[in-house]
Amino acid sequence: VWQPRLWAFMIYRTAFQHFDNRGTASETEWANRLDLFANLQLTGTEKLVFGVRPLDANRFGKFTRYSIDGNEQGWNNSLNFDVTTFFFEGDFGSLFPNADIMGTKPIDWGFTIGRQVFNFQEGIMINDTLDAVGVVRNNIISVPGVSGMRLSYLFAWDSLDRPLGDSGNDAKLLGIFGSADTYHTTYNFDAAYVFEPNDTTGDQLNLGLAAIQRIGNWSTAFRGNLSVAPGADRRGVNDGLLLSAELSITVPGSNDIFYMNPFVGFGKYSQL
């Protein structure tokens, strides 16, 4: 059932800040960022989202700002109309309801295509805006002891931010990401590989495993993330293992939350 509606919204961020690293000229500035979005909601599951960031170029020093001191005093604008978000997402089962009137066929496949933010392993593995296509299989319940399971497949062909290349290089990404709900724990298991034909930065394989659960009154998440550089180590592409945990609890008798996030690294773990 088509019920088209257009939602427009914005997020504005501003900061008055001073920076001094004792090595270069200090900087006191008023910096600004504006996110503008239009969400064309076609049905309950299908939508087209468009977004721009007209005041910044998503780079350090590329924000529309007024500099009080430093190398570039006065107004510095980074006005642009670069598209930062533009994707369509939906669900095959909802798009073609007559294909499964009884709701018994395995056609619950979601999909997305376009430019959008992807975040896996709380950003430890991937936290980037990518041009990509993805499909997800929901409601996989045929595994013993698992109440719900989901598998996602992703291919990204552009806009990967790599250490030795600009956004928009020739790097490509292939990934499979899964989650499973058991009685006590939600497990995430993720794997992704980036390959770069021109070998500017080099290929990289990342694996991630997470277990999220409550232990007594504690909310906990334990993560292991591995990065493997098939070729020689380079800046930002290395072999390494990062083990981390998220622990939090509500302080008895209050609304306050106590939390800590310990981690330990081996080698030089690299984000994709």
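A pocket is an open set of points on a 1 Å grid over the protein atoms alone, with protein on both sides within 12 Å along at least five of seven lines, and its volume is the space filled by probe spheres set on the points. The structure in these views is a predicted model.

**View 1. The second largest pocket and its lining.**
The second largest pocket, which has a volume of about 320 Å³, is lined by Gln17, His18, Phe19, Glu27, Glu29, Ala31, Phe60, Gly61, Phe63, Arg65, Asn71 and Glu72. The elements that contribute two or more residues to this lining are β1 and β2. Sorted by class, the lining of the second largest pocket holds 4 nonpolar, 4 polar and 4 charged residues.

**View 2. The largest pocket and the strands around it.**
The space in the largest pocket amounts to about 1300 Å³. Its lining is made up of 44 residues, and those that lie nearest the centre of the pocket are Asn58, Arg59, Asp128, Thr129 and Asp161. Two or more lining residues come from each of the strands β1 (5-19), β2 (27-41), β3 (47-52), β6 (83-91), β7 and β8, and among these elements β8 gives the most, with 5 residues. By class, the lining of the largest pocket comprises 17 nonpolar, 14 polar and 13 charged residues.

**View 3. Aromatic pairs, with Phe92 and Phe111 in close-up.**
The count of aromatic pairs in the model comes to 10. In one of them, the ring centres of Phe92 and Phe111 are 4.8 Å apart and the planes meet at 35 degrees, so the pair is classed as tilted. Phe92 belongs to helix α1 (residues 92-95) and Phe111 to strand β7 (residues 109-120), and the pair thus links distant parts of the chain, 19 residues apart.

Phe120 and Phe177 form a stacked aromatic pair, with 3.7 Å from centre to centre and 5 degrees between the planes. Since Phe120 lies in strand β7 and Phe177 in strand β10 (residues 172-181), the pair ties together parts that are 57 residues apart in sequence. Both Phe120 and Phe177 are buried. A cluster of rings is also found in the model, in which Trp30, Tyr66 and Trp75 are linked by ring pairs.

**View 4. The largest nonpolar core.**
The largest nonpolar core has 15 residues, of which Phe118, Ile126, Leu154, Leu160, Leu173, Phe177 and Leu272 touch the most other members. Strands β7, β8, β9, β10 and β11 (185-195) are the elements that give two or more residues to this core, and β8 gives the most, with 3 residues.

**View 5. The loop between β9 and β10.**
Ser159 lies in the loop between β9 (148-158) and β10, and although Ser159 is not a glycine, its phi is positive, at about 75 degrees. With a relative accessibility of 10%, Ser159 counts as buried, because the cut-off for that class is under 20%. Ala171 is found in the loop between β9 and β10 as well, and Ala171 is buried, with a relative accessible area of 0%. From Ala171 to Leu160 the separation is 11 residues in sequence and 6.6 Å in space, taken from C-alpha to C-alpha.

Glu122 is placed in the loop between β7 and β8 (126-140). Its phi is near 55 degrees, which is a positive value in a residue other than glycine.

**View 6. The hairpin of β14 and β15.**
Strand β14 (residues 240-250) and strand β15 (residues 257-260) run antiparallel and are joined by 4 bridges. Within this pairing, Leu247 stands opposite Met260 in β15. The two strands form a hairpin with 6 residues between them, and in the turn Gly253 has a positive phi of about 80 degrees.

Terms used: Residues numbered from 1 in each chain as written. Predicted model: local features only at pLDDT ≥ 70, side-chain atom pairs only at ≥ 80, totals over all residues. Heavy atoms only, no water. Pairing = 2+ DSSP bridges. Phe/Tyr/Trp six-rings, centres within 6.5 Å; stacked < 30°, edge-to-face > 60°. Buried < 20%, exposed > 50% of the residue type's maximum accessible area, 1.4 Å probe, protein only. 1 Å grid on protein atoms, 1.4 Å probe; cavity = no way out; pocket = protein on both sides within 12 Å on 5 of 7 lines; lining within 4 Å. Nonpolar A, V, L, I, M, F, W, Y, C, P; charged D, E, K, R; others polar. Core = buried A, V, L, I, M, F, W, Y, C linked by side-chain atoms within 4.5 Å.
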